[in-house]
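Look at the chain below and follow how its parts meet.

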Amino acid sequence: MDLWIGLMFLVVGSTAVPFRFVDVTSQVGILATPHDKVSGSSIADLNQDGYLDIIQSNHGQSPADAYYGNARGTFRHQERFLAQGDRHGTCVGDVDDNGMPDAFLSIGLITNPSNLPHVRVELTNLDGSVRVPTPNETGFTQTTGYLFGCRLMDMDGDGDLDLLGQGGLFENVQNHVYENTGGGVYQELSVAPINRVKFSPFALGYLVTDFNGDGYLDIVLYGKQIKIFKGGPRFQYTDVTTQVLPSEYSNQRFSAAAQIDIDNDGDFDLYFTGGQRLKARGSPGADLLLENQQGIFRDISSPAGIPRTGGRNGVSVADFDNDGYLDLFVGSAVSQPVVSNGTRLLDILLRNNGNKTFTAFTNHGAKELSRSSDRNYPAGLQAFDFNRDGLVDILIATRYNDGVTGAPGQISGKLQLFKNTKKNTNRWFVVKVPVNIRGRSTMDALVKLKTPSGWLYRRVGSVGEGRSHSFIDQVHFGLGLSKTVSNVVVEVIGGSVRIVNDLRGVAVNQIYALRV
C-alpha cells in the first residue's frame, strides 16, 4: 500500500482537480514493447517539421526507439542506434551546424572491443534522414569512459556544442569533457575540476544552468551529494559548492534535477528529486528546493510543500495549467517503508501556488489504468506539447530491474504518453526558436517574454535533467488571463547574440516563430 502517498494527499484528493491527463500511448503509435529504460527520453524536432520527436534508449536489450511527430498528432516509429551495447542516456543538438538536431547515445560497460565507442553519434541530414558517421569522423575513438549520460552544451563560448559525458563506474575519471573542434569533430580534454570530482559509486545525474547570469554555463552533479561548478571562458570550471550552496548534502540521495523560476524573478532556482532507484528496491530521500537569491542558494524545501518521504526518479517543469507559474511533475519510484512493490506508485504533480509553495496532486490522471499489474517505476520523464494545442503533456519512461542477473522475466519497462486535457480560460504563448542564430547554437538560450503582469523567463532545451537531455525549441509560456504580449527577447549563451521582437498586435494562444 502507498501509505506515505495516501496520508500526504488525503485532503488534496478530495478537492477540485485543476489537472486532467489521459493515457494516449497506443492511440498515437507508441509501441508497447517491454524494454528496460535507464533514463528518460530526449525530445527535439529532429527533422524540423514543426512537430516534436522522441528518442528513447532501451538499455542493453534492443536498439533505441525514435518517434517522429506529425500534424495528425501521432508518431512514426524508427529504430535508432542499432549496434549492440550497454545503452544509457541520450542527448540531442545540432553539432555539425546544418540546422538539424543530431542524436548522441552514451555507452557504459564495454566487454567487447566491437562495442566501442562509448559515445555514439547519429547525424541528421537536411532532408531529415539519418547518417551514422564512423568514430574516426566524430573523434570518439577513446577506449575508456564508462558513461551513464551525456549533455550537449557550449562549454567554451564559441557557439558550437561541446559534450559532457557523465558516469565513471569502475574508472578513476568519472566525468569526461569533449570539445567540438568544428563541424561535429570532438577531442577529449582534461578539465580537472570536472574530471576529478568523486561520487560513490558515481554521479547519478547532471544539471546545466547559469545560476549567476554571467552568460557562462554552470554544471551541477549529484548523487549522494551535490557539487556545483561555475563556468567561465574556454572550459574554465571552478568548484563553488561551499560558496553558493547551504550544504553539500552529503550522504543524501538525489536522482534527477531541474532549473525552475518558481517566482518569475528571473533567477533560476534548483529542484532535486530525493531518493534513488536504479535496480532492486531503491532508497528513499527528501526532495530539495533551493531558491536562487542573486547567485546564492537558500534551502526552502520545508515550507514549500514538496515531497519529503518516499523516493522519486525524474522531474519535469512546465506550466501545466497556463496560470503563469511553473509547476513540477515528479515520478514516484520508492515507497516508504521501502518494499519491492508490485503496484505502480502514483506520480506527483506539484502545482505552483505563486508564493514559493506548491500543492501536490496525485489524482491528475497521468497513471497506469491497472496499477496493481504494473510493477514498473520511472526512469525519467519530460514535459512537452506533442500536439501543439498549448497544453503541455507528459512522457514517462519506466523500468523494472530487480538486480538479479539472468533471471528471466525480471526486466521490463515501457514508454507512456499522457495528454493534457484540462482546458480553462488561461492563455498561452509558444516561441519557436531557430536551432542556430548567426552561427551560434540556441541550446540553453535565455528566452524572456513581456506580459502585462511582468516578465517570464525560460531556457531553450530540457525541462528537467538526469542522464538524458532534450532540445525543445518550442518554448512554452502560460499567460494566466493576460490577453496580450509585448516583447520577446532571446539571449544566446556567450552574450554576443541578442534578438528582440516587438509582439504588439501579435495574438496569443499561438506558436510564434522568432524573427531573426
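Strands (E, at least two residues) are DSSP runs, numbered from the N terminus. β10 gives the most to this side, with six residues.

The model is predicted: local features need pLDDT of at least 70, side-chain atom pairs count only at pLDDT 80 or more, and totals for chains, interfaces and linings use all residues. Residues are numbered from 1 along each chain as its sequence is written, and side-chain values use heavy atoms, with hydrogens and water left out.

The two domains are domain 1 (21-420) and domain 2 (427-513), with bounds from an automatic or database domain assignment. Their C-alpha centres lie 21 Å apart. The contact (heavy atoms within 4.5 Å) takes 69 residues from domain 1 and 37 residues from domain 2. The size of an interface is often given as the accessible area lost when the parts come together. Here the buried area (accessible area, 1.4 Å probe, that two parts lose on being put together, summed over both) is about 3900 Å², and carbon and sulfur atoms give 49% of it.

Side chains of opposite charge can pair when their charged atoms come close. A salt bridge is a side-chain nitrogen of Lys or Arg within 4 Å of a carboxyl oxygen of Asp or Glu. The whole structure holds 22 salt bridges, and four are found across the interface of domain 1 and domain 2. Aspartate 444 pairs in this way with arginine 151, their closest N and O atoms being 2.8 Å apart. Another salt bridge joins arginine 399 and aspartate 36, with 2.7 Å between the closest N and O atoms. Arginine 399 is in strand β27 (residues 393-401) and aspartate 36 in the loop between β1 and β2, so this pair ties together parts that are 363 residues apart in sequence.

Methods
Helices (H or I, at least four residues) and strands (E, at least two) are DSSP runs, numbered from the N terminus.
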